[in-house]
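Please read this short report beside the sequence and the structure.

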Amino acid sequence: MTPNDTVTIQPPVPTADWTDDSANRVPKMTARGVSVFYGEKQALKDVSIDIHEDRVTSFIGPSGCGKSTFLRCLNRMNDTIPSARVIGRITLDDEDITSASMDVVQLRARVGMVFQKPNPFPKSIFENVAYGPRIHGLAQSKGELAEIVEKSLKRAGLWDEVKDRLEESGTALSGGQQQRLCIARAIAVDPEVILMDEPCSALDPIATAKIEELIHELRGRYAIAIVTHNMQQAARVSQRTAFFHLGEMVEYGKTSEIFTNPREQRTQDYITGRYG
Amino acid sequence: MTDVRADSGALPGTGPKVPTRWTDAAMTQRLRRRYRFERWFRLSGLAAICLSVLFLAFLLYNMGSKGIGGFTRYEAALPIDFTKSDLFLDPAALRGPDARQTVAGADLSSAISKAAAAAYGPDAAQMFSDGALDILTDDIVRDPSMLTGQRTLWLPVGSKIDIAAKHDSDAASEKLVSMLRQKHALKWGLNTQFLTGSDATDPSAVGIWGALKGTFLTILVTISLAFPIGVLASVYLEEFAPRNRWTDAIEVSINNLAAVPSIIFGLLGLAVFLDIMDLPRSAPLVGGLTLALMTFPVIVIAGRNAIKTVPPSIRDAALGVGASKMQVVFHHVLPLALPGILTGTIIGMARALGETAPLLLIGMRAFVAAPPNGVSDPATVLPVQIFLWSDEVDRGFVEKTSAAIIVLLLFMLVMNGLAIYLRNRFERRW
């Protein structure tokens, strides 16, 4: 998908909130010198990035630049690929998540993930949201579980659309609703960080706008990292942006600076549409 | 310069555009050939279907018309005066718990022969079947008072007379049948003994129940071993096992196992279960174990394919909310793969159900005259029973063989129906 595929239905810049004071704060997650190898092939070279609470960090770059690979390092989803090897240090609240002593199951509950293609379980809407809290034992009773489900669906902006049909299959919803269901599923386990891997690339512009709105609302509660092909989207939703190219992180900084006054020529070329 | 331009005109996209001639003769002919080929393909498909339906109809008609006789039998009236017969039966002993033994000790068989000869002449002495003896024994045990008077009993006729009544036979039997018919001493009825009895030497006394029960027990052993082990093996190989030379070797071995002729599994069962483990011969336990070995690779292959078709996005989704590997597999992957696994299991079970060769080798071809009471009792199974009966010389076995085939096919139909019902139920749940 090229950046031009998604029609911007909002003016690219004015709605964005670029206020960023993260320089003075302790980051929620830090990555230092992260490299990823798939077999012999190096997919990511020496990336260092901070992810802050209450902020949206976006990763942009052309296809195959390693931005999704990096995102998947943050909750160790790369563990599921047998040939993948990650080196470097990634911390969550100063705890090294790459160490063997880190409990991956707990890490993935604390660092939730939303995928490119909406992937609800082929179960009821209620079960989709209730699954996470249930396996982690977050609810003591059925009532409490129902409360968590309602709260999560409300936060994902889906409650009003599905409250009368919670027993229907999650796969029967429209694409945009499915993606919001996946977001509700991710926030139901009360994560600290939410990773989004091109969450809008399979959605139409209206559904995209809803998800972007949702990201704005969720920002106050979670640290969010989002991978996107769509530069306007990065400009609209994020406060900090990292530009990846050919496995390298070329530039990382405030979204306002990346989009108006990039330091690197390659960044300039990419955001002006010279390539990508 | 003009020459160069003309040459470059041959290159795609550079020359002047020549419109495609959609309506010229060559195109029309190509089109016609395309349609002709499609028509021919469809017709040959239809012909293949018709041919197989024809074969199936022929098979069903053949089995049905021959086998239906196996479920019916002729009974003849036997006037018998127990007071005149030289049976020495103490009515007091008949009220005790050993009544059956006492009756069996008496020479009922000759009493029947004498009564038959007295009623219908000397040719009729052997007209009743071995089964008649059992029925008479049961009657006497149930009601000893009948020994004190004269009765007319309806008892199943022997195989020769039965055939003569149903089709045609030798002159003596035919004469006897027409005489019985004249005296209204012959009636047609349902052969309950065929559904409740076991193997016998007299074709008119044989039953299918022993083999049916043996089949049921054998399949029970097979499915309760092959299904869980097969499913767990496929889950482990597909989801947990590392990809290396060892797992490759295991995969190749399992694929080859599925293609091994069944008689080899019989030899394996003979060597391992009977020789080494010293399990009982002819038992459904050993038969079930042997068939489980045979079915296991089929279930593993079907299971692995079904697990492979579960989309990886579901795994990602479950891992993404912090499910452990085990939870991903048992909450999401396995339920989604279950319909596919069940389909494979149905195929494996149908094959096991119809298997004869390996069971012959572990001794299930023995003559077993009583239905098995457990998995370690001697038993036989339906296909082996069919094989044994088809080998018999007595003409009475022909219709019994066909009848047994009908029972086997019905058993298969019921089992597959159950499996398909289960599969659809699991599919609906998702």
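## A buried loop residue

Glu198(A) is buried, with 22 other C-beta atoms within 10 Å. Buried here means 20 or more other C-beta atoms within 10 Å of a residue's own, exposed means 12 or fewer, and partly exposed lies in between, with C-beta atoms placed from the backbone. This is a predicted model, in which local features need pLDDT of at least 70 and side-chain atom pairs count only at pLDDT 80 or more, while totals for chains, interfaces and linings use all residues. Residues are numbered from 1 along each chain as its sequence is written, and chains are lettered from A and ligands numbered from 1 in the order in which they are written.

Glu198(A) sits in the loop between strand E7 (193-197) and helix H7 (205-218) of chain A. Its phi is near 45 degrees, a positive value in a residue other than glycine. Helices (H or I, at least four residues) and strands (E, at least two) are DSSP runs, numbered from the N terminus.

His184(B) is not a glycine, yet has a positive phi of about 55 degrees. It lies in the loop between helix H7 (171-182) and E3 of chain B. Is His184(B) buried or exposed? His184(B) counts as exposed, with 8 C-beta neighbours inside 10 Å.

## Enclosed strands of chain A

Strand E9 (residues 240-245) of chain A has six of its six residues buried, so it is largely enclosed by the rest of the structure. Arg240(A), Ala242(A) and Phe244(A) point one way from E9(A), while Thr241(A), Phe243(A) and His245(A) point the other way.

Strand E3 (residues 56-60) of chain A is also largely enclosed, because five of its five residues are buried. Val56(A), Ser58(A) and Ile60(A) lie on one side of E3(A), and Thr57(A) and Phe59(A) on the other.

How do these strands pair? Two strands pair if DSSP finds at least two bridges between them.

| Strands | Bridges | Sense |
|---|---|---|
| E3(A) and E9(A) | four bridges | parallel |
| E3(A) and strand E8 (residues 223-227) of chain A | four bridges | parallel |
| E9(A) and strand E10 (residues 248-254) of chain A | six bridges | antiparallel |

Thr57(A) stands opposite Arg240(A) in E9(A). In E8(A), the bridge partner of Thr57(A) is Ala225(A). Phe59(A) stands opposite Ala242(A) in E9(A). Ala242(A) in turn stands opposite Tyr252(A) in E10(A).

E9(A) and E10(A) form a hairpin with two residues between them. Leu246(A), in the turn, has a positive phi of about 50 degrees.

## Nonpolar cores

A nonpolar core is a set of buried Ala, Val, Leu, Ile, Met, Phe, Trp, Tyr and Cys residues joined through C-beta atoms within 7 Å. The largest one has 79 residues. Ala184(A), Val193(A), Leu195(A), Ile224(A) and Ala225(A) touch the most other members. Helix H6 (residues 175-187) of chain A gives this core its largest share, six residues. Apart from it lies another core, of 59 residues, including Leu293(B) and Leu408(B).

Which residues does Ile224(A) contact, leaving aside its neighbours within four places in sequence? They are Val56(A), Ile194(A), Met196(A), Ile215(A), Leu218(A) and Arg219(A). Residues are in contact if their C-beta atoms, placed from the backbone, lie within 7 Å.

## Sheet and helices of chain B

An open sheet of three strands in chain B has the order E2-E1-E3, with antiparallel pairing. Strand E2 (150-156) and strand E3 (186-190) are the edge strands, and each pairs on one side only. Strand E1 (residues 72-81) of chain B pairs with E3(B) over five bridges. Tyr74(B) stands opposite Trp188(B) in E3(B).

Leu108(B), Ser109(B) and Ile112(B) in H4(B) meet Ala132(B), Leu133(B), Leu136(B) and Thr137(B) in H5(B).

## Where the chains meet

The contact takes 15 residues from chain B and 21 residues from chain A. On the side of chain B, helix H13 (312-320) and helix H14 (325-353) each give two or more residues. H13(B) gives the largest share, six residues.

Conventions. Contact = placed C-beta atoms within 7 Å.
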